[in-house]
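Student: I would like to learn how to read the features of a structure step by step. Could you take me through this one, giving the general idea before each case?

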Amino acid sequence: MTRQQVLDLYFLDARHRLIEIAAFLDRVERAGGEGDFRLDNFRQALAELNGRKRNRAKRVLLAFSDPTREPIAKAQAKGACGAYRPLR
Amino acid sequence: MVSRVTDDYERMALAGCLAVCEPAFWAGFDRGSAAGFHDYFSQLTDHEPKRAAKFGLKHFCWLCINSKEAEDLKLAEEVMALVPKFLDRPNVLGIGEIGLNKNSRNELRVFEMQIDLAARHHQLILVHTPHLEDKLKGTRLILAALQNDRRIRPEQVIIDHAEEHTVEMILDAGMWAGLTLYPETKCTPARAIDILENYGGERLWLNSACDWGVSDPLAVPKTALEMAKRGHLGDAINQVIFQNPKDFLSQSPKFKALI
């Protein structure tokens, strides 16, 4: 596909998703209380969209990923929350 | 398909699907005993093939204890002891979906035991990789465990739920990478096609999920449509959507005989 064809096919969808992200951040900041590690991860991931770096999807996924290498002692829960929380 | 209504079989048949390959997975709750798994394996190997056949669909399955219930080593060992007596059933393709969920020591131990089970019984392997933030680490641990067992032939292993940050390491290991299409989590059709365009179609397989959560049994045909919108030609679409999974699964004589 040419760049024009990609834009024709995906621009409106991407624009929609970008506005949703902007509105989410406004909503978070409008709300009272403290943020947490998820918001920190989110901001790190957003930084990967800047500039002309390639492989943005991969970089965003890495920003949300547990970077450690060793198995944990025991699974305390079954679900994943989407962001990495370092053990204290 | 145990979590789906019969209408989904009909919709899949209408969309051109020929076969369903259903992994043994979490039931949305922890089973209370190994007897619950015995009944589940009977359902997968006896009841579901009949339900699918009503719509002209072949039904295949994979058997194992899934990683979400692998923290309890005693239960896991009891379930693994049940698996061999089902392996000769005509629709069983191999061991799966084994793997990791939270990347714990017990999950890894059970994963290694199920690799051994597959090797001893000469079975294909289907691997589930963890969700979201746990996927990168889990995929690394999974690949290391598989590569530590010299009996395992990489071309007989598919590592499922790959995404942009894990697909390359899977393909570099000589294994197949599954791109699981979901409306919200894992891969969307557009991203899956991006991966195909970046890495080529060799040893890549697209699959839909039919689970308890938000999922779409028609995700694969919808991705074929998306590929056509991008200008991919019919032969290329057929290669990825149909021929690639057929090539992998035909390593099982049971699949080869029926499809």
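**Reading the strands, cores and contacts**

Tutor: Strand β5 (residues 157-160) of chain B and β6(B) pair in the parallel sense over two bridges; strands count as paired if DSSP finds at least two bridges between them, and helices (H or I, at least four residues) and strands (E, at least two) are DSSP runs, numbered from the N terminus. This is a predicted model, in which local features need pLDDT of at least 70 and side-chain atom pairs count only at pLDDT 80 or more, while totals for chains, interfaces and linings use all residues. Residues are numbered from 1 along each chain as its sequence is written, and chains are lettered from A and ligands numbered from 1 in the order in which they are written.

Student: What mean pLDDT does chain B have, and what ipTM does the predictor give the complex?

Tutor: pLDDT is the predictor's confidence in each residue, from 0 to 100, and where it is low, the predicted coordinates should not be read in detail. For chain B the mean pLDDT is 96, with 100% of its residues at 70 or more, and the complex receives an ipTM of 0.95 together with a pTM of 0.97.

Student: Which residue is the bridge partner of B:I159 in β6(B), and how does the chain cross from β5(B) to β6(B)?

Tutor: The partner of B:I159 is B:A177. A crossover is called right-handed if, with the strands pointing away from the viewer, the path from the first strand over the helix to the second runs clockwise; here the chain passes from β5(B) through helix α6 (residues 167-172) of chain B to β6(B), and this β-α-β crossover is right-handed.

Student: Which strand do five bridges join to β6(B)?

Tutor: Strand β6 (residues 176-181) of chain B is joined by five bridges to β7(B), and the two run parallel. In this pairing B:A177 has B:L204 as its bridge partner in β7(B), and B:T180 stands opposite B:N207. Together with helix α7 (residues 189-199) of chain B, β6(B) and β7(B) make a right-handed β-α-β unit.

Student: How many residues of β6(B) are buried, and how many of β7(B)?

Tutor: A residue is buried if 20 or more other C-beta atoms lie within 10 Å of its own, exposed if 12 or fewer, and partly exposed in between, with C-beta atoms placed from the backbone. Six of the six residues of β6(B) are buried, so this strand is largely enclosed by the rest of the structure; B:W176, B:G178 and B:T180 lie on one side and B:A177, B:L179 and B:L181 on the other. Strand β7 (residues 204-208) of chain B is mostly covered, five of its five residues being buried, with B:L204, B:L206 and B:S208 on one side and B:W205 and B:N207 on the other.

Student: Which residues have the most contacts inside the largest nonpolar core?

Tutor: A nonpolar core is a set of buried Ala, Val, Leu, Ile, Met, Phe, Trp, Tyr and Cys residues joined through C-beta atoms within 7 Å. The largest one has 72 residues, and those with the most contacts inside it are B:L63, B:I142, B:I158, B:I159 and B:L179. Helix α4 (residues 105-120) of chain B gives the largest share of this core, six residues. A second, separate core of six residues includes A:V60, A:L61, A:A63 and A:A83.

Student: How many residues of chain A are in contact with chain B?

Tutor: Two residues are in contact if their C-beta atoms, placed from the backbone, lie within 7 Å. By that rule, 22 residues of chain A are in contact with 27 residues of chain B. On the side of chain A that touches chain B, the elements that give two or more residues are α1 (3-30) and α3 (56-63) of chain A, and the largest share, four residues, comes from α3(A).

Student: Where is B:N103, and is B:N103 buried or exposed?

Tutor: B:N103 is in the loop between β3 and α4 of chain B, and its phi is near 65°, a positive value in a residue other than glycine. B:N103 counts as buried because 25 C-beta neighbours lie inside 10 Å. A:N55 also has a positive phi, about 55°, although it is not a glycine, but with 13 C-beta neighbours inside 10 Å, A:N55 counts as partly exposed.
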